[in-house]
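Hi,

Here is the structure I said I'd pass on.

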Amino acid sequence: MAQLQAQDLAQAVNDRMTDWQDPSFQQVMSSLVRHAHAFVQDVQLTPEEWMTAIQFLTATGKMCDEKRQEFILLSDTLGISMLVVAIEQARGAAAHTSKPGEERPTEATVLGPFYWEGAPELELGADIGAGNAGEPAYYHGRVTDTAGKPIANCALDVWSGDGEGLYDMQKGGDAGMRLRARFHTDADGGYRFWSIKPTFYPVPDDGPVGGMLHRMGRHPNRPGHMHMMLNAPGHERLITHLFVSDSPYLDSDAVFGVRNSLIVDFAAHPAGKAPDGRVMDKPFHTAHYDFRLVPTA
Ligand code: BEZ
Ligand code: FE
């Protein structure tokens, strides 16, 4: 049996993989093997470092259950989730043949771990912020396709942490759903609802990923944002956020999710009449944003 040299090991592993039924699995696995071997060569990994890596991955796995997904957090904080989002959105845009004058679609960003299926379906204009920490904010705008055609009855899921940076899921006990809802756009593609102006908050940093961030000299914070997910038949699903323009950490989001096109001014208003006619007894904000969805190919 021929003895293999270190530099030939990756090729030997890939040559051993035969009987491919799935060409994309072949492409992914052989590339993974090549890059993993190149990485080990590049840093001249020691056995101690390899054991540390294995212990880190083991601890990461042990911190995964239906409430906490430390591997996704690892992917998020290494920028991989955002890279996958960007590749997927470019793929969707490439499949769509845009006509002259069409606008660019709204940019996507990470889903994050705090989406909770089954949020209440509410009427447009409802207030999901009342009773939660945070300054009131009125969100409004329109959903159209890239040609500017209004999209009626588009499902708009919204969710955020409160004015202290905490999501309902993090409150423990029986806090139940808070600060989340599903709305549907009106005949003109319009949407509007009340919530709070979200504040910055740290990603969960009490596990192995938090330890990694600390050793990297990185903070765990995300700038304030409202999560939005838009689903309309005949259009690509859009998962995105609206980022608060005066929030700290816009330049150093722990998960690299910020897109300039998603930064929104939360205009401040004194107590008084709001755009929907509601009379506010305390100061409030308004955030306006129009979404553009890509028609499916
Ligand atoms: C979030 O925005 O909710 C989030 C995204 C990635 C990791 C942790 C939290
Ligand atoms: Fe979030």
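Predicted model: local features only at pLDDT ≥ 70, side-chain atom pairs only at ≥ 80, totals over all residues.

A search of the whole structure gives 12 aromatic pairs. Take Phe114 and Tyr167: their ring centres are 4.2 Å apart and the planes meet at 20°, so this pair counts as stacked. The two sit 53 residues apart, with Phe114 in the loop between α5 (80–95) and β1 (136–145) and Tyr167 in the loop between β2 and β3. Both Phe114 and Tyr167 are buried.

Tyr191 and Phe291 make a tilted pair, at 5.8 Å between centres and 50° between planes. Tyr191 belongs to strand β4 (residues 190–196) and Phe291 to strand β14 (residues 291–293), so the pair ties together parts 100 residues apart in sequence. Tyr191 is buried at 1% relative accessible area, and Phe291 is buried at 0%. They also belong to one aromatic cluster, along with Tyr139, Phe183, Phe193, Phe266 and Tyr289.

There's a charge over a ring too: Arg278 lies over the face of Trp194, 4.7 Å from the ring centre.

Now the aspartates. Asp168 is in the loop between β2 (155–159) and β3 (180–184). With 4% relative accessibility, Asp168 is buried, because the cut-off is under 20%. Its contacts beyond four places in sequence include Trp116, Met177 and Arg180. Asp15, in helix α1 (residues 9–16), is exposed at 52%.

Cheers

Key
Residues numbered from 1 in each chain as written. Chains lettered and ligands numbered in written order. Heavy atoms only, no water. Helix = DSSP H or I, 4+ residues; strand = E, 2+ residues; numbered from the N terminus. Buried < 20%, exposed > 50% of the residue type's maximum accessible area, 1.4 Å probe, protein only. Contact = heavy atoms within 4.5 Å. Phe/Tyr/Trp six-rings, centres within 6.5 Å; stacked < 30°, edge-to-face > 60°. Lys NZ or Arg CZ within 6 Å of the ring centre and 35° of its normal.
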